Amino acid sequence: MNDVVLPFESYGVSHKGCVRQVNEDSYLIEPRSGLWVVADGMGGHDAGEVASASIVEHLSTIGIPESAPDLRARFVDRLRLAHSDIREISDSRGATMGSTVAALLAMDGKFACLWLGDSRVYLVRDGSISQVSHDHTEVQELLDRGAITAEEAQTWPRRNVITRAIGVSDDIDVDFRQGDLLPGDVFILGTDGLTAHVSDDEIEAAVVSTSPQAACEDLLAKVLERGGTDNVTIVLVRIRGEADGAASGALAGGR
């Protein structure tokens, strides 16, 4: 198998926030596999954290893929295994549990973003931010149909109701977008504890001119300063260019 050599710099943080007693989020940084993941568990104490941890545990076994298609196939396989495990645990406990997931897969100059639920993937390219993922929520469906306005969505009573997640339905239905990687691209993966308190413009401003570690810590500080009503997890991935050493291979950090 060939080594995966990718010009990435990455970092992640996770915090229970200011209100919750338990952190039900999990994340994974595996640059040699070309994989970065955030997962937001649901089901309450000793359930949501089990669900998100199961996703990370299975995805951490991907290893070194031989190609971009191989990476995606391994990802879907591990996600299905996590889905089955979560379903079995739910059945044994007689209670529903599950988790959102948002992932970045990158190899051979290409990327794919895959997700279920309302954890998001953003891309900052040429100083401009765009949301790559599309929320799987009731309120997003209403917005898509034009039934409510963006302003109404901010206070919609069921705005946090998720329509897709790992471990909840009989099967999983993963959405994805793919494209080419460009030097200077920054991907932001975040659970809804981030986007509940920090705007897209603030995310863009935090990441455009600093390291992934500094940006993660800045964004986390903003969430906590504003009350941190949910768990929050942030993973940043920056594509390095020739000027800062991309030709020499991979550089990755995190915790």
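In the predicted model, helix H1 (residues 48-59) packs on helix H2 (residues 68-93) with an axis separation of 8 Å and an angle of about 150°, the axes being lines fitted to C-alpha atoms over the stretch in contact and the angles running from 0 to 180 degrees between N-to-C directions. H1 and H2 are therefore roughly antiparallel to each other, a term applied to angles over 145 degrees. Helices are DSSP runs (H or I, at least four residues) and strands are E runs of at least two, numbered from the N terminus. In the contact (heavy atoms within 4.5 Å), Val-50, Ala-51, Ser-54, Ile-55, His-58 and Leu-59 of H1 meet residues of H2 including Phe-75, Leu-79, Asp-85 and Arg-93. By class, this contact of H1 with H2 comprises 10 nonpolar, two polar and three charged residues, where Ala, Val, Leu, Ile, Met, Phe, Trp, Tyr, Cys and Pro count as nonpolar, Asp, Glu, Lys and Arg as charged, and the others as polar.

Helix H6 (residues 200-207) and helix H7 (residues 212-225) cross at roughly 145°, and their axes come within 8 Å. Glu-202, Ile-203, Ala-206 and Val-207 of H6 make the contact with Ala-215, Asp-218 and Leu-219 of H7, which by class gives five nonpolar, no polar and two charged residues.

Residues are numbered from 1 along each chain as its sequence is written. As the model is predicted, local features need pLDDT of at least 70, side-chain atom pairs count only at pLDDT 80 or more, and totals for chains, interfaces and linings use all residues, while side-chain values use heavy atoms, with hydrogens and water left out.

How values were computed
Angles under 35 degrees count as roughly parallel, over 145 as roughly antiparallel, 65 to 115 as roughly perpendicular and the rest as oblique.
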